[in-house]
Amino acid sequence: MSENLNNENKKVIFSGIQPSGDLTLGNYLGALKNWVKLQDDYDCYFCIVDLHAITVRQKPADLRRRSLELLSIYIAAGISPEKNTLFIQSHVPAHAECSWLLTCNTYMGELSRMTQYKDKSQKMGSSIGVGLFNYPSLMAADILLYNTDLVPVGKDQTQHLELTRDIATRFNSTYSDTFKIPEGYIPKEGAKIMDLQEPLKKMSKSSDNPNSIILIMDPPEVIRKKISRAVTDSLGIVNYTDDQPGVKNLLNILSAIKRTSPEELVSYYKGKGYSDLKSDVADAVVAELEPIQKKVQELLKDKSYLESIYKEGAQKASYVANKTLRKMQKKIGMIPR
Ligand code: TYM
């Protein structure tokens with residue numbers, strides 16, 4: 001009870017990751033690592049957004065495996081199931097319902113402008129699903145259902161967040177004050193980890209080239225190999241500049257893990273070469289991920305523990321989400337059940 005009272009005074013955080021591919025170092029440094037830092041000061045909802053994942057076709061067995069693995073990764077990375085609400089999006093039907101209500105208050109033009117939609121639709125052509133188009137209004141529902149103050153995400157989600165704010169503002173002005181207008185929380189370091197082979201592109205779980213991405217569950221020797229093969233340049237000087245995107249990315253990774261600024265790192269590597277930098281990055285990544293991997297393996301053996309966490313999480317989340325949903329329905333003019 002005292003914890004509940006406490007939570008009421010704390011600001012609210014909502015964030016989520018899609019179980020749409022094996023998690024990358026980008027997801028870890030752009031999102032998860034910061035969630036761990038924030039959990040003591042906020043009332044946090046961390047979601048496994050499986051409804052978002054199915055906007056692209058998923059093999060059922062993979063989706064099931066990845067959803068549980070993702071929950072284990074949350075916990076193994078240091079997110080406490082006692083302090084926070086950890087749940088699976090599809091277990092709280094209010095998300096899909098709220099998403100429909102928001103979809104009816106969102107414009108085609110707004111959704112068509114989303115760069116992630118434009119990128120994916122270019123790749124997929126006419127087989128692009130309607131769910132992918134609507135994706136941002138489901139994301140807005142996730143965030144707005146919990147009266148969220150802060151949304152900790154990587155840089156790639158800024159446009160979706162802006163749209164969430166626009167949708168909330170529009171709903172408030174159409175139907176009277178309903179939603180808090182959430183702010184984004186983009187980390188200083190690690191906000192955009194790039195592809196190791198094409199460092200002008202974001203590191204992405206959906207990449208076709210395994211050498212381009214580091215997976216959270218990659219064994220140490222694989223991590224070392226991928227980092228040693230990371231594309232750099234022929235200058236041979238460690239600088240933090242857009243002209244050396246490969247080196248810049250390695251510095252960003254090291255900086256996010258060590259919490260040392262890239263500028264300090266540059267002065268440390270004065271007179272040293274790329275192989276020193278790469279070997280330090282590899283050591284740091286392995287040291288960061290190895291304990292998480294061990295914990296994940298342990299957690300995955302105890303399915304009933306994981307089940308107890310996501311069931312309790314869904315219950316706690318449903319309570320808050322349903323209250324907001326009822327409020328929306330009433331304002332829109334729906335008859336209370
Ligand atoms: P998703 O699953 O693509 O990514 C999860 C989180 O990882 C961050 N991220 C990165 N950060 C740094 N460098 C990268 N290369 C990198 N790749 C991914 C993302 O910014 C994100 O924070 N739409 C969201 C999931 C979502 C959500 C939400 C997030 C659904 N509902 C509500 C916040 C609030 C997404 O696609 O995440």
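## Exercises on a predicted model

Gly 236 lies in the loop between α10 (220–228) and α11. The model used in these exercises is predicted.

**Exercise 1.** Determine whether Gly 236 is buried, partly exposed or exposed, and identify the residues that Gly 236 touches.

*Solution.* Step 1: the relative accessible area of Gly 236 is 38%. Step 2: buried means under 20% and exposed means over 50%, with partly exposed in between. Gly 236 is therefore partly exposed. Step 3: when residues up to four places away in sequence are not counted, Gly 236 touches Lys 272 and Tyr 274. Step 4: Ser 275 is 39 residues from Gly 236 along the chain, and the C-alpha atoms of these two residues are separated by 9.6 Å.

**Exercise 2.** Describe the position and surroundings of Val 231.

*Solution.* Step 1: Val 231 is placed in the loop between α10 and α11. Step 2: with 31% relative accessibility, Val 231 counts as partly exposed. Step 3: apart from residues up to four places away in sequence, Val 231 touches Leu 196, Gln 197, Pro 199 and Gly 246. Step 4: the C-alpha atoms of Val 231 and Asn 249 are separated by 9.9 Å, while the two residues are 18 residues apart along the chain.

**Exercise 3.** Locate Ala 76, classify its accessibility and state how it is placed relative to Pro 291.

*Solution.* Step 1: Ala 76 belongs to helix α4, which covers residues 60–76. Step 2: the relative accessibility of Ala 76 is 14%, so Ala 76 counts as buried. Step 3: Ala 76 and Pro 291 are 215 residues apart in sequence, yet 8.1 Å apart in space from C-alpha to C-alpha. Step 4: leaving aside neighbours within four places in sequence, the contacts of Ala 76 are Ile 292, Lys 295, Val 296 and Leu 299.

**Exercise 4.** Carry out the analysis of helix, accessibility and contacts for Thr 324.

*Solution.* Step 1: Thr 324 is found in helix α14, residues 303–332. Step 2: the relative accessible area of Thr 324 is 5%, and Thr 324 is therefore buried. Step 3: beyond its neighbours within four places in sequence, Thr 324 is in contact with Leu 144, Leu 145, Asn 147 and Phe 179.

**Exercise 5.** Describe the shell of residues around the ligand and the polar backbone atoms placed by it.

*Solution.* Step 1: there are 27 residues around the ligand, and Tyr 135, Asp 142, Asp 156, Ile 193 and Lys 205 come nearest. Step 2: by kind, the shell divides into 12 nonpolar, 10 polar and five charged residues. Step 3: a polar backbone atom of Gln 18 is 2.9 Å from an oxygen atom of the ligand. A nitrogen atom of the ligand lies 3.2 Å from a backbone N or O atom of Gly 26. A polar backbone atom of Met 203 is 2.9 Å from a nitrogen atom of the ligand. Step 4: the ligand taken alone exposes 710 Å², of which the protein buries 97%. Step 5: the elements giving two or more residues to the shell are β1 (12–17), α2 (25–38) and α8.

Terms used:
Residues are numbered from 1 along each chain as its sequence is written. This is a predicted model: local features need pLDDT of at least 70, side-chain atom pairs count only at pLDDT 80 or more; totals for chains, interfaces and linings use all residues. Side-chain values use heavy atoms; hydrogens and water are left out. A residue is near a molecule or strand if one of its heavy atoms lies within 4 Å of it. A polar contact is a pair of N or O atoms within 3.5 Å; within protein, one must be able to donate a hydrogen and the other to accept it, and residues adjacent in sequence count only if both atoms are side-chain atoms. Accessible areas come from the Shrake-Rupley method with a 1.4 Å probe; for residues, only the protein chains shown count as cover. Helices (H or I, at least four residues) and strands (E, at least two) are DSSP runs, numbered from the N terminus. Ala, Val, Leu, Ile, Met, Phe, Trp, Tyr, Cys and Pro count as nonpolar, Asp, Glu, Lys and Arg as charged, and the others, Gly among them, as polar. Buried means under 20% relative accessible area, exposed over 50%, partly exposed in between (1.4 Å probe, protein chains only). Contact means heavy atoms within 4.5 Å.
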